[in-house]
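Welcome! Let us walk through this structure together, one part at a time.

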Protein chains: 2
Amino acid sequence: MAKNKGPRRPRAETPKGFRDYFGAEVTARKAMLDKIAAVYHRYGFDALETSGVETVEALGKFLPDVDRPNEGVFAWEEDGDWLALRYDLTAPLARVAAQYRNDLPTPYRRYAMGPVWRNEKPGPGRFRQFYQCDADTVGAASVAADAEICAMLADALEAVGIERGDYVIRVNNRKVLNGVLEAADLWFPDDPEREAERRGVVLRAIDKVDRLGIRGVEELLGIGRTDDSGDFTKGAQLKFEQRERILMLIKGDRWANNLVGFDYLVGESETGKQGVEELEQISDLLEAQGYGPDRIIIDPSVVRGLGYYTGPVYEAELTFEILDEKGRPRQFGSVAGGGRYDDLVKRFTGQAVPATGVSIGVDRLLAALAMKGRLDTSAQGPVVVTVMDRTRMTDYMSMVNELRAAGIRAEMYLGNPKNFGNQLKYADKRQSPVAIIQGEDEAAREVVQVKDLILGAKLAQDATLEEWKSQPAQVEVNRADLVATVREIMGRHG
Amino acid sequence: MAKNKGPRRPRAETPKGFRDYFGAEVTARKAMLDKIAAVYHRYGFDALETSGVETVEALGKFLPDVDRPNEGVFAWEEDGDWLALRYDLTAPLARVAAQYRNDLPTPYRRYAMGPVWRNEKPGPGRFRQFYQCDADTVGAASVAADAEICAMLADALEAVGIERGDYVIRVNNRKVLNGVLEAADLWFPDDPEREAERRGVVLRAIDKVDRLGIRGVEELLGIGRTDDSGDFTKGAQLKFEQRERILMLIKGDRWANNLVGFDYLVGESETGKQGVEELEQISDLLEAQGYGPDRIIIDPSVVRGLGYYTGPVYEAELTFEILDEKGRPRQFGSVAGGGRYDDLVKRFTGQAVPATGVSIGVDRLLAALAMKGRLDTSAQGPVVVTVMDRTRMTDYMSMVNELRAAGIRAEMYLGNPKNFGNQLKYADKRQSPVAIIQGEDEAAREVVQVKDLILGAKLAQDATLEEWKSQPAQVEVNRADLVATVREIMGRHG
């Protein structure tokens with residue numbers, strides 16, 4: 001017998017790197033995104049929902065921050081066309097902005113929320129499908145568009161439950177960094193290859209300030225640096241004056257909302273001057289709307305995330321402390337970032353169209369809200385009407401119906417009613433606040449038993465006998481008072 | 001010059017059969033699904049969100065109603081595993097019910113809403129990605145679960161705006177049909193091949209009643225039928241008594257909510273008797289909750305959609321009339337259907353688990369709501385604060401900020417402000433209700449011009465000169481009265 005096993009059964013498993021979301025996980029995320037969408041809508045942004053599938057041609061072959069062609073995306077051939085799952089919400093926006101350029105308003109403000117897919121090695125907390133939540137303004141060259149998105153981001157964070165003081169939005173401008181580098185006179189105008197190489201070394205060095213500190217960057221801008229393992233990384237070979245100008249730029253918070261020193265740092269660089277001027281404009285616009293440094297800080301020393309942006313960049317950081325995996329306190333850190341990027345639709349049309357936008361890290365923000373206790377992840381289980389007498393299901397269903405009609409989440413136990421213990425176990429698993437019981441005897445007397453399961457659980461855990469006596473977890477009430485009694489008990493537990 | 005075109009530009013196009021959804025298309029669908037979700041939640045159903053990607057193994061190789069292996073789905077190989085986009089929400093539920101069988105409550109009530117993908121030839125109004133909206137109860141053998149879903153479906157339809165009287169939910173039971181066929185003594189117990197063949201002919205004939213009428217079905221149950229083109233289809237060769245029994249079953253609405261005659265029709269068939277009894281139970285349960293034949297009809301004559309169901313089946317039809325493509329009136333028809341199916345998780349675990357569930361046709365229901373004028377597809381454009389004077393952007397932004405703070409959707413014009421006509425064209429494209437104008441002169445006098453664009457459009461279209469004079473579409477008010485004035489105008493237009 002054991003040999004004759006029949007065909008192998010399929011495995012009931014999510015594919016590697018994918019996961020399922022249950023109950024409150026779904027509704028809590030949805031509630032958060034709904035609040036953000038309401039803010040975005042108030043700011044004049046329109047919803048856009050593109051499909052999960054795009055042509056590889058329209059997506060472009062690689063992720064913005066990865067230069068391995070065809071890696072990073074899920075792609076397949078279909079009747080000679082290569083299709084792929086979108087890896088972010090910006091690439092589809094670029095396609096839409098080009099495809100409908102004659103129909104869309106200019107500027108086009110849109111928000112988009114939905115899953116994206118990455119064909120990357122999954123890791124702890126790192127999934128191959130996750131949510132993104134973006135807002136972009138396409139076709140507005142004015143930095144008023146950048147200022148608007150910063151203000152909107154602040155409003156969105158407060159709308160979901162991050163209190164003022166628990167976050168800060170830092171604004172910088174890529175042009176300032178470029179201007180400082182230009183003023184430092186780093187390049188080799190007659191040797192493009194050598195120039196590109198040195199540019200790479202300098203930018204990579206600056207990008208490491210968080211990890212290596214000012215001292216480490218200084219070494220990498222100079223002769224080079226030997227790391228803890230003894231490996232030597234060759235430096236950019238800059239002169240002292242060149243190094244000093246760059247190091248002043250990245251020396252932390254001293255520049256926050258103070259742009260005065262930057263006139264010196266960017267020197268005669270036109271790009272740099274323009275960058276400083278743009279930051280001043282953003283600062284003025286935000287101030288006029290009442291967004292002061294308690295919410296948004298102009299900070300040209302921020303060098304992170306300058307990747308492919310061309311103008312203003314912004315990042316929202318949560319400033320409250322959490323404990324890291326080793327129990328040490330640290331700031332929660334970044335939950336959103338964005339900036340101005342050119343060439344959004346240029347790939348398609350040849351025409352440069354300025355755009356600026358922000359992306360909120362949905363899972364990061366959800367985690368932050370959970371830590372702050374601002375997430376409604378309570379299961380909100382239904383009232384369970386138990387089945388004591390299988391021949392009286394219609395009576396139980398009318399009770400359920402009355403509760404539902406009163407707006408109370410309720411259900412009749414639909415499993416096999418034989419074992420009453422299973423019914424209460426079920427109610428427990430559903431985190432039901434209340435169970436209703438009516439046997440033959442109660443039916444004859446036209447009463448029901450209403451069991452307060454939340455109180456019951458508390459009493460079972462830590463109540464003294466006195467308390468138990470004074471607060472019965474189960475009451476008998478007239479059948480007619482069913483809804484009122486349930487409502488009263490649920491109100492008691494909030 | 002013309003020859004030197006550089007690299008070919010990618011086409012800005014959605015893949016064949018996919019589309020984008022803009023603004024109100026997204027928010028109207030979302031609003032409808034939110035209302036449905038609220039009803040499902042009140043009924044005790046929990047949200048479930050699985051990922052778009054499943055293993056081909058877990059999905060099964062084909063769609064439930066298609067027996068072409070590997071067709072119908074988008075699938076690709078990934079490191080030796082075959083992955084695919086889900087083609088419905090039931091297959092992922094089966095996988096989840098098997099994967100988490102020790103953790104989920106039993107019964108497990110869940111709802112799911114989201115996109116599914118079909119690799120099928122696209123056609124007019126037929127897309128390769130579309131929304132589904134499902135609710136299922138897994139692990140409840142009782143037909144109380146089926147009755148509950150029918151009641152919930154009625155509530156959901158009314159919640160989204162389908163009025164009572166404009167819909168009817170028809171309930172049947174696959175077992176009744178099976179019982180009638182059994183009582184008709186159709187089969188060849190000693191010849192399985194011949195039996196399978198005849199079963200096929202009979203079921204296909206019954207399924208054609210809508211198209212061919214009773215007379216056509218009668219021919220197909222007998223010797224056979226010659227169609228309009230002269231082609232002959234061989235019939236099932238049933239005797240008169242056999243044919244009569246089946247024809248009585250499918251003779252339209254005469255059986256609605258009248259199960260008496262079925263005792264005769266199902267004869268001695270145990271399956272048939274059980275089917276009739278189950279329908280009686282469902283009828284009693286619904287009646288106890290007040291769901292009468294004005295909302296839900298027990299109708300064993302319904303033969304459609306009996307496909308792979310094993311017990312009760314249900315279908316929601318909208319009964320109001322619309323005009324078909326040739327201008328003839330016809331009923332809107334089906335917007336939701338479902339039923340009881342066994343073996344949901346049996347493929348995975350070997351254990352049979354009963355389940356019942358409903359799927360709402362999201363796009364069909366949206367179309368119905370649009371026809372009834374119940375869909376909020378108004379673009380709800382923002383108030384546009386125009387830019388007359390580029391140096392006073394901070395002033396304009398404060399106006400926008402005041403409006404937003406008052407909960408009014410508003411924005412500053414962010415395009416190039418040089419051409420004022422473009423700003424008003426933009427406001428028109430956005431379907432803005434109001435535009436705000438403040439030039440140098442107005443600023444000096446501390447006033448703003450508030451332009452009622454909805455009234456303006458009406459006046460431009462069909463107003464007489466008298467009306468124009470009495471209702472100015474543009475008013476000058478004190479800067480301090482901006483928000484109050486805008487609110488007043490928007491209130492006037494509802």
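Predicted model: local features only at pLDDT ≥ 70, side-chain atom pairs only at ≥ 80, totals over all residues.

Helix 6 (residues 192-207) of chain B meets helix 7 (residues 209-221) of chain B at an angle of about 145°, and their axes are 7 Å apart. Which residues make this contact? Helix 6 of chain B brings B:Val202, B:Ala205 and B:Ile206, while helix 7 of chain B brings B:Val209, B:Val217, B:Leu220 and B:Leu221. Sorted by class, the contact between helix 6 and helix 7 of chain B holds 7 nonpolar residues, with no polar and no charged ones.

Now step back and see how the two chains sit together. Chain B can be superposed on chain A by a rotation of 180° with 0.0 Å of shift along the axis, leaving an RMSD of 0.1 Å. The two copies are therefore related as by a two-fold rotation axis.

In general, strands of a sheet pair through backbone hydrogen bonds, either parallel or antiparallel. Here, strand 2 (residues 46-49) of chain A pairs with strand 1 (residues 21-22) of chain B in the antiparallel sense, over 2 bridges. Within this pairing, A:Glu49 stands opposite B:Tyr21 of strand 1 of chain B.

Strand 2 of chain A leads us on into chain A itself. Strand 2 and strand 6 of chain A run parallel and are joined by 2 bridges; A:Ala47 has A:Tyr111 of strand 6 of chain A as its bridge partner. Strand 6 (residues 108-117) of chain A is mostly covered, with 10 of its 10 residues buried. A further partner of strand 6 of chain A is strand 7 (residues 129-138) of chain A, which runs antiparallel to strand 6 and is joined to it by 10 bridges. Here A:Pro115 stands opposite A:Tyr131 of strand 7 of chain A.

How is chain A divided into domains? The domain assignment gives domain 1 (24-186 + 238-371) and domain 2 (383-492) of chain A. The centres of these two domains of chain A, taken over C-alpha atoms, are 51 Å apart.

Our last stop is an open sheet of 5 strands in chain A, with the order 16-15-17-18-19 and mixed pairing. Its edge strands are strand 16 (410-412) and strand 19 (474-478) of chain A, each of which pairs on one side only. From one strand to the next, the twist averages 25°. Strand 15 (residues 383-385) of chain A runs parallel to strand 16 of chain A, with 3 bridges between them, and A:Val384 stands opposite A:Glu411 of strand 16. Two helices of chain A pack on this sheet. Helix 13 (residues 393-405) of chain A touches strand 15, strand 16 and strand 17 (434-437) of chain A, and its direction makes about 170° with that of strand 16 of chain A. Helix 18 (residues 482-492) of chain A touches strand 15, strand 17, strand 18 (447-452) and strand 19 of chain A, and its direction makes about 10° with that of strand 18 of chain A.

Finally, find A:Gln474 in strand 19 of chain A. A:Gln474 counts as partly exposed because it has 13 C-beta neighbours inside 10 Å. Leaving aside residues up to four places away in sequence, A:Gln474 touches A:Gln449, A:Val450 and A:Lys451.

Notes:
Residues numbered from 1 in each chain as written. Chains lettered and ligands numbered in written order. Least-squares fit on C-alpha atoms with pLDDT ≥ 70 in both. Pairing = 2+ DSSP bridges. Helix = DSSP H or I, 4+ residues; strand = E, 2+ residues; numbered from the N terminus. Axes fitted to C-alpha atoms, helices over the stretch in contact; angles between N-to-C directions. Contact = placed C-beta atoms within 7 Å. Domains from an automatic or database assignment. Buried ≥ 20, exposed ≤ 12 C-beta atoms within 10 Å, placed from the backbone. Nonpolar A, V, L, I, M, F, W, Y, C, P; charged D, E, K, R; others polar.
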